[in-house]
Amino acid sequence: MIAEGGLASLWLAAALSLLQLFLGAAALRPGGEQLLRAVRPVAMAQGVLAALAFLILIWLFLRTDLSVQLVAANSHSAKPWLYKFAGAWGNHEGSMLLWVTVLAVAGAIVALFERRLLKNTLAATLAAQAAIGLGFYAFLLFASNPFTRLSPVPVEGNGLNPLLQDPGLAFHPPTLYFGYVGISVAFSFAVGALVTRDVGPAFARAMRPWVLGAWIFLTLGIAAGSYWAYYELGWGGWWFWDPVENASLMPWLAATALLHSVTVLATRDGLRAWTIMLAVVAFSMSMIGTFLVRSGILTSVHAFAVDPQRGAFILALLVLYIGGALALFGLRVGTVKEGARFDLVSREGALVVNNLLLTVILGVVFVGTLYPLVVEAVTGEKLSVGPPYFNSAAGPVALILVAIMGMGALLRWRSDRLKELGNRIAIPVLISAAALFAIILLAPGTRILPLLGLAVSAGVAAASIAPLWKRNLRRTPIFIYGMVIAHLGIAVSMAGMASESAFTKETLVAASPGQTMHVGGFNVRFDGVEPIAGPNWTAIEARLTARRGEGGAPFELRPQARMFSSPPTPTSEAAIATRWDGQLYIAIGEEDEQGRWQLRLWWKPFVTLIWFGGGLVALGGVLSLIGRLRRERKAAAKAAEAEDAPPASLPGKEALA
């Protein structure tokens, strides 16, 4: 009866979502203010029930309850417990249940803690959140029930896709989902503000933590997914421009632009229309990402193949939500009043330019991702859009974007002077020029895009810490540190990307035991292979001894070619040795007729800066979130004290005399 309890919880949560939509909409009508009191507990109860349904699904996977069809299709009794746990969302139905659970819990948090919005705006926000959730509840209950029973009960389950049997599965999808759902909450705030014509700083301050939180999780999820693919797939690349990778990148680009716009609106009362528009775009990109990954239209590690009926259901939700969002924006954008004005040469002006460039990159990725799908649907012809298109089209724009980002932190709000700006950016520009000439002298022949990337990243790193110059560091607000660290992280990641692209060395050999290979200053001796066995796999493991140069200390590397039995799948487990200046990366292939083994060796200088920079970006976001929340809490406390303070006494007649 455990599975039936989960299904009952899901039905009750869906019913409460419908009730929440009705109450929230009714509260907007004249005389409906009292209904808002009922909306909050309904939203909280819905979050509890959705969470209960998801916890029941996890319990079914941990028990390996093979009477449940989803468990039998995606689990196995011999699987380690971590993959039984994470396997609850390593499939289509479970991942969608996770999606709607996070959405419902987020709505409950808004209902429980949000006190900054006007009551009618909050009612509209909760109604919009319920409307989003209702479609996904319907999808789960009518097209993708995760609690369907199976009869007869199989003796053993099919197991989880071996490429997903990695600790990354426990971290990567949930962080992306937290990001997607955070964007949906921000979108609900935007809908609420549009409906009630309440687009202003108060709405932006309520919305900003959700945008910032979503952006942090998306950053972590993208960085973790990049490293997961890098070490798990054995191809030696950190970004493949796979459509599923792009499905998470597109919402991140939109959320980055939205984050800057909502900050300007919250603190300077500017970019009102930009904020609303970007909230719609970011939500649309998260919906498109969900459609691409969960509709079965793509073939990828994370794109679960499903039947056309489910794909059509998700497509219908996509059209309904994005179409409705765009229609509402078109109808109500005329009611959004103009915010505070600013000069082109100002921090706001730089942020507008950044938003435009982010939109251009988003368009490049969007077209490159969806164009092959459209062509195949119309003509039946299969096309492939790969790294050459994305790198050549988005790379130059990204360089300009990062350069303006570094300059924007040095601009004043509202208005600035070009002469004064020139004095402030002189040092970063000189550092970029010095880096450019140094690379040309020390590494002649470096391709133009990586060369410019390294030069720009050096200057932006200097510009990123410039806001701390001449400041009392002890009294500097935490969110300033967050901005500095996030911008510095972008520069660090760009330096890692450019270094990996410019200086990677690769060796591909068919090696016999005892043979020595050379790559990037390393000598690697192939000592042989041996069979080994894991919990639910067998493998051929290569034994290699490497040393750097002639006098370096030897160290071992052991790449594996694994074979999983359930389902039968071969995988490659790369061996990676990390050094301060890069990584030695080795993957083993198949044995040929002469008894030689295919080995691929890479030396990737400073590749770890890519993920270290991503961690800095996320850390900067966390510090910014903490700093902003602390500042708002202090401001609210001061306002409350001012309201409670007795009015100043007026002078008496004697004093006037």
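I began at Arg-197, which sits in the loop between H7 and helix H8 (201-232); helices here are DSSP runs of H or I, at least four residues long, numbered from the N terminus. This is a predicted model, so I kept in mind that local features need pLDDT of at least 70 and side-chain atom pairs pLDDT 80 or more, while totals for chains, interfaces and linings use all residues. Numbering runs from 1 along each chain as its sequence is written, and side-chain values use heavy atoms, with hydrogens and water left out.

I read a phi near 55° for Arg-197, a positive value in a residue other than glycine. Arg-197 is exposed, at 53% relative accessible area (exposed is over 50%, buried under 20%, partly exposed in between, with a 1.4 Å probe and protein chains only). I then found a phi near 55° at Leu-271 too. Leu-271 belongs to the loop between helix H9 (243-268) and H10, and I noted it as buried, at 8%. I flagged these because most residues other than glycine have a negative phi, and most peptide bonds are trans. Next I looked up the bond from Ser-151 to Pro-152, and found it cis, with omega near 0°. Pro-152 lies in the loop between H6 and helix H7 (172-196).

**Ala-138**

I located Ala-138 in helix H6 (residues 119-142) and found it partly exposed, at 23%. Ala-14 is 124 residues away in sequence, yet the two C-alpha atoms are 7.6 Å apart. Setting aside neighbours within four places in sequence, I saw Ala-138 in contact with Ala-143 and Phe-313 (contact means heavy atoms within 4.5 Å).

**H10 against H12**

I checked helix H10 (residues 272-294) against helix H12 (residues 347-379): their axes come within 13 Å and cross at roughly 25°. (Axes are lines fitted to C-alpha atoms, for helices over the stretch in contact, with angles from 0 to 180 degrees between N-to-C directions.) That makes H10 roughly parallel to H12, the term for angles under 35 degrees. On the H10 side, the contact includes Trp-274 and Met-285; on the H12 side, Asn-355 and Phe-366 are among the residues.

**H14**

I finished with helix H14 (residues 418-442), whose 25 residues reach 34 Å from first C-alpha to last, close to the 36 Å expected at 1.5 Å a residue (1.5 Å times one less than the number of residues). I found a kink of about 45° at Ile-425, shortly before Pro-428; the bend is the angle between axes fitted to the seven residues ending there and the seven starting there. Buried residues of H14 include Arg-424 and Pro-428, and the cover over its buried residues includes helix H13 (387-408) and helix H15 (448-465).

Note on methods
Helix = DSSP H or I, 4+ residues; strand = E, 2+ residues; numbered from the N terminus. Parallel < 35°, antiparallel > 145°, perpendicular 65-115°, else oblique.
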